Each structure stands twice: as C-alpha cells, then as structure tokens.
Amino acid sequence: MENKPTPEELAIQAGKEYKAAIQKRIEDETKAGFLNPFGEGVNYEQFLKACGGKANVANYCKGMLDEDPTKDAEKLAFLLSDLKHYDKDFPAEKTEDSPKKNK
Amino acid sequence: MAISYSGGTRNYTELEEIQSELYQDSKTFRERPIEINEGFKSGTDCYESKVTVTMTALNTGEVTATGNITLGVQKTALTLVTFNYEDRIDDNVLKGTRFEKSMKAGAYEVVSDEFDKKVLIYITPAIGADLENKIWNGATSATKVSVAALTPGAGQGSITAAAQTAVAAMPTTLFDSLLTTILYNNSNSKTVPGAGLGDYIKVTGTTVTSANIAAEYGKLYAGAPQIVVNNTTDTPMIFAPLGDRQLIKIANNAVGAAQQVNFLVEGTGANEKIYYNGIEIFFCPLGATFRILTIPMYLKILMDKMADMNSLMVDRVANGAMQRYIKNVDSIKAWVTNQRYITLYGG
C-alpha cells in the first residue's frame, strides 16, 4: 500500500513548490528584460545583477514600477533609499535562507 | 556672648518624598491587548490549522477521494526562555543617611524600612518597564545573525535592508521580541516551513513625521488584507511606536488651512483612545520604523505566570552576612500565529 505523505511532508513540499515557482518567475522576468524589484521573493542580489548594478537602478526602474507616476517615483525613492542600507551594512552574502542566485 | 562653633554644618531636614525615576508603564501586560497565555514551564506546542475547499459540479454517485477538501494542521514547538534580575545589596552603606533613622536598634540591624518602602519598591516597576520594552523591541544575538544573513529585497517575501539595519541596532536580549518574531521565526505554519523570514505582509516605509503620518498609516491600512480589516469578530488593531502619539496629535492639531483630522482621538489621559479609520492604535515601545496592523490575538506572549514580573525575592544572604539578595525570575516566549494576516510597515 502506498505511503501517504504526512501533513509535515506536504507542508515542506508545498514550500519547495512555492520557492520554485518564484524562482521560475524571476528567471522569466529577467529574460524578458525587466525584473521588478518589488516582485515577490526578488532579492537585491538578483535585482542588481539583472539591472547591471546600483548605478543603473534609476534608469532601469523609471516608469516601470507603477503605472501611476507619483507611486512610481515613491517606489523608486524607497528603493534607492533602501539600497543605501544594503550597500552599507549587507554586502552580497548568501545563506540557505536566500533564494538561489540566477545562473 | 557670641556663639563659637566649629565642626562643619549639615542639613537636618529633607524633602519627605524621594523623587523616583519615571518608568515606562507596562501597559501591554496590564491592558493585555494581545494574547498573554500563562501556565507554561519550559515549552509548549502551538498548532495552526488551515482548511481549503474547492467547489465541484454535483456528483450524485458515491463520494470518492477528490482532494478537494484539504485539512492542514501544523505544529510548532515553542521553548520559553527563563531569565532573572538579581543582585546583592549591602544596606550598611545607608548608615549616615536619612535611612538610618528607620533602622531597628541593634548594630546587626541595618535594614531601613524607609529605604525598602521608597527605593527598593521601584525594582518591580523597573522590571515591568524592561519587559515591556523587550517584548516589543529586541532580538537575541543568534536571531540578529540569522536576520543579517538574509538577502534583502523590496518586494514581498524579502526583508528590506532598512529592517535588517533596524534589527541589527535593536537591543540584544535573551528572547526575541514580538517584532523580531514577526520578521524571523521557525514556524511550521508558514508558506515555507521552518527557520527563516516570517510570512508577514510587507508595507515599505519611510521616516514618519507629523507631516506624512496620515499618508503612511494610509499605506499600512491599504496594505492590510481585506479579511482582517473587515473582521468584526476579532477586530484588528494597530501597534505603533510610542512617539506616534505625539506625531498624530501634532498632525491632527496643525493650525491653518492644511488642518486635516485623520485620526480620531477620544478621551484624555489614561482613558484616551486613538483610532485610524476605525482601528484602535495601541502605543508600545516598538522601533520607530515599524508599525503592525493585525488581529491582536495573533500576537502572543507565553509565560509561566504573569505575576512573576511583580514577584521579588528579598532576603538576607546566608551565613550571617549583613547583605541581602534580590531576585526576580521570569519565563517568556513571544510568538506569532496566522502570520499571513500580519501587516508590517517597515518590514
């Protein structure tokens, strides 16, 4: 008789599928030419790689973050501000908790 | 005849009241806006359930296994942290002070009744204030390392770099605060079970001032799940930094044409309540960059006994020592459930 997975195994499996789906979406977006930094599960390491580095963030994102120009500007301002913290305190560092780096 | 005196002078009177420190009110424990559970010694298991159902076309035949009803239950083991506040005091140093007057006769008797009633009595309010701060703001050194190791991002499913910085700057404590637990925990009920980023809903934040506080609360409110905001059984609450009370009042009472009353303020003093769009705001010692909107029962404090925080063991040290020991022991675990319904501004 087939062993049915336990609720714990099901939860772990669902978590893996969730991570894989996010990774797939990130890869697809990157291939399509714009990786939205506000997309679910996108981290700065992946985003900065996709946009070509911090110096390109403003050009890469302008007009792409929201249809509303005011919200677009707000989101870009937040992104630039938050990336300052990333620069300062958290240079790219990988752990098992981080989503896998794009190959 | 003129008085001839030498030997120095001193004051023979003093103000009756000893001016005490102002302690942060341990309002969370007193008013219990969140769930405080007692009766745990070392740990407990927390179960969360999630049921999903799928509608299908009518089947008039035998019911078979369809997989259309999923009954999920996850268990997470929680461990309480036990810690203490303790020290030894030497009452002998109070000789020569106002407290000498209340010491019993006898050279061995150096305990001042007045000192106990007017100074020592403030140990428990100080402990209460410390615990109040630590249940909202603080992280263990291990959690700080784990949070710092996450790769930040702007969207959902990532911690912002600003939040990482804020966690790194938090007081290092013996147990994780509620806020830290929202950000990072080992719940098995998350989308990705186990140790890692919490399942909270992120609302990106900025520096909140009296000029933008209404707009920023608007973002928090708009970012919250509709099912939470519309819940009338367990109404949601906003948990905000203490400083927001001032910013809200300043914003509400701005003079001139720009005045906009975005926050409802009812009552005064101890009875004052402040609401944003009908949601009560509870002010607590959260870090200034964070605000939480959730159903309060999802935030939990587990304790052995809440009265522990007011219980002080004071007695003479053994073997004839003229010193006394002071000891207070507490057990606490901060926990969060239904994380996907917790909206965190600044997370």
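Which residues does B:Ile123 touch, not counting residues up to four places away in sequence? In this predicted model, the residues are B:Leu312 and B:Ile326. B:Ile123 itself belongs to helix α3 of chain B, which spans residues 123-136. It has 15 C-beta neighbours inside 10 Å and therefore counts as partly exposed, since a buried residue needs 20 or more such neighbours and an exposed one has 12 or fewer. Along the chain, B:Ile123 and B:Lys144 are 21 residues apart, and 29 Å separates their C-alpha atoms.

B:Lys144 lies in the next element to be considered, as one of the residues through which α4(B) meets α5(B). Two packed helices are described by the angle between their axes and the distance between the axes. For helix α4 (residues 141-149) and helix α5 (residues 161-169) of chain B, the axes come within 9 Å and the crossing angle is roughly 160°. Angles over 145 degrees count as roughly antiparallel, and α4(B) and α5(B) are therefore roughly antiparallel to each other. The crossing of α4(B) and α5(B) is left-handed. On the side of α4(B), the contact is made by B:Lys144, B:Val147 and B:Ala148, and on the side of α5(B) by B:Gln164, B:Val167 and B:Ala168. By class, the residues of this contact are four nonpolar, one polar and one charged. An α-helix has 3.6 residues a turn, so residues three or four places apart point the same way.

Within this helix pair, B:Val167 is located in helix α5 of chain B. B:Val167 counts as buried, because 25 C-beta neighbours lie inside 10 Å. With neighbours within four places in sequence left aside, the contacts of B:Val167 are B:Ala139, B:Lys144, B:Val147, B:Thr180 and B:Leu183. Two of the residues named here, B:Lys144 and B:Val147, belong to the α4(B) side of the helix contact.

In soluble globular proteins, nonpolar side chains tend to be buried together.

Two residues of chain B other than glycine were noted for their backbone angles. B:Arg32 has a positive phi of about 50° and is found in the loop between α1 (27-31) and β1 (35-38) of chain B. With 12 other C-beta atoms within 10 Å, B:Arg32 is exposed. For B:Asn319, phi is also positive, near 60°. This residue, B:Asn319, sits in the loop between β14 (313-316) and β15 (323-336) of chain B, and it is exposed, with 5 other C-beta atoms within 10 Å.

Chain A has four helices and zero strands, in the sequence pattern α-α-α-α. The chain has 103 residues, of which 22% count as buried. Of the contacts in chain A with a separation of 6 or more, 41% are between residues 24 or more positions apart. In α2(A), the buried residues are A:Tyr44, A:Glu45, A:Gln46, A:Phe47 and A:Ala50. Helix α2(A) is followed by A:Gly52, which has a positive phi near 90°.

The contact between the two chains takes 31 residues from chain A and 28 residues from chain B. On the side of chain A that touches chain B, the elements giving two or more residues are α1 (7-32), α2 (44-51) and α4 (69-89) of chain A. The most is given by α1(A), with eight residues. The residues on this side of chain A divide by class into 15 nonpolar, seven polar and nine charged.

Technical notes: Residues are numbered from 1 along each chain as its sequence is written. Chains are lettered from A and ligands numbered from 1 in the order in which they are written. This is a predicted model: local features need pLDDT of at least 70, side-chain atom pairs count only at pLDDT 80 or more; totals for chains, interfaces and linings use all residues. Two residues are in contact if their C-beta atoms, placed from the backbone, lie within 7 Å. Ala, Val, Leu, Ile, Met, Phe, Trp, Tyr, Cys and Pro count as nonpolar, Asp, Glu, Lys and Arg as charged, and the others, Gly among them, as polar. Axes are lines fitted to C-alpha atoms, for helices over the stretch in contact, and angles run from 0 to 180 degrees between N-to-C directions. Angles under 35 degrees count as roughly parallel, over 145 as roughly antiparallel, 65 to 115 as roughly perpendicular and the rest as oblique. A crossing is left-handed if the near helix is turned anticlockwise from the far one by less than a right angle, and right-handed if clockwise.
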